[in-house]
Amino acid sequence: MSLNPGERSSPRTELFDFHGVSMIHYFTDNWENVQNFQARPDDIVIATYPKAGTTWVSYILDLLYFGQTNSERQSTIPIYNRVPFLEIILPGVPNGKDQADNLSTSPRLIKTHFPVQFMPKSFWEQNCRIVYVARNAKDNMVSYFHFNRMNAIQPEAGDWDSFFQNFMDGKMVFGSWYDHVNNWWKKKETYSNLHYMFFEDMVEDTGREIEKLCSFLGLTPSTEEKKKVQSGAQFDNMKKDEMANYSTLPVMDFKVSPFMRKGKVADWKNHFTVAQNEAFDEDYKKKMKDPTLQFRTEV
Ligand code: A3P
């Protein structure tokens, strides 16, 4: 298909079941190669369910590691090339696995939306650091809805009511939000090099969350450096930064919805009807049984 949204001749992609997870072929076509990815011990993975704040945390990590030494990197290389998306394979552009292989930085920062059971085993063998970012289901759903509307490689969003139902049914690219956040959470019990963080905490106090990230990563930036990272990673700043806001990707149609849309907690209140909210909460209780994993839908 064409990567130019103005020439959307072919239909959008369709979901299919892949090892029990709803996927689209752009994230499974390179499966064998991705599964054989050779990780290095200092690789850092940013793992998320789509729309949980991947770009935000990627941007912060990139600034923490390379912001002081290489500002040209931030002003000339789009974030999706600085932090390759491991499983993506699109026509006409290098695939994520090759991009990750060819990164010349140390450490290499690598993004994935894989559910935990899809992770290439080399990451576990090399005991790589993994940062998992989770976002409350309601806001995650809203953000995903607008993303599917504007992104030509995603399945059609459809109307809000059907999207709402599909989200609860796990009929989303990368599968069920419920399974994703729960299974990554469980992984912490057996894999200690995993830092599980929340979008809502980032909104509440970005500085505190940067501190936690630094302690997990063993980084000791100066107060001034930390302030620089924090102000650089503010929503308004990233929104106007062409190297961070995805405006350079032709598959995204910003006339429909911008990538950097609102960056808020509780925008779900502008989308959910009262009846939907009740149905959602009822269903949520059945699916989210682990009392140790708690999300905030407002801050
Ligand atoms: P909204 O659609 O709710 O605005 P991802 O990078 O995983 O695709 O997540 C995208 C979501 O993170 C979008 O949410 C986007 O606006 C939000 N986001 C990105 N950078 C942000 C920042 N610096 N501050 C707050 N939210 C941010």
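Which residues does Tyr 196 touch, not counting residues up to four places away in sequence?

1. Tyr 196 touches Tyr 132, Ala 134, Val 181, Trp 184, Trp 185, Lys 188, Leu 293 and Phe 295, with residues up to four places away in sequence left out of the list. Contact here means heavy atoms within 4.5 Å.

2. On the basis of the model: it is predicted, local features need pLDDT of at least 70, side-chain atom pairs count only at pLDDT 80 or more, and totals for chains, interfaces and linings use all residues. Residues are numbered from 1 along each chain as its sequence is written, and side-chain values use heavy atoms, with hydrogens and water left out.

3. The ligand is surrounded by 18 residues, each having a heavy atom within 4 Å of it. Thr 54, Thr 55, Ser 143, Lys 262 and Gly 263 are the closest. By type, the shell around the ligand holds eight nonpolar, six polar and four charged residues, where Ala, Val, Leu, Ile, Met, Phe, Trp, Tyr, Cys and Pro count as nonpolar, Asp, Glu, Lys and Arg as charged, and the others, Gly among them, as polar.

4. Atom pairs between ligand and protein deserve a separate point. A ligand nitrogen atom lies 3.2 Å from an N or O atom in the side chain of Trp 56. A ligand nitrogen atom is also 2.8 Å from a backbone N or O atom of Ala 233. For Arg 261, a polar side-chain atom is 2.8 Å from an oxygen atom of the ligand.

Notes. A polar contact is a pair of N or O atoms within 3.5 Å; within protein, one must be able to donate a hydrogen and the other to accept it, and residues adjacent in sequence count only if both atoms are side-chain atoms.
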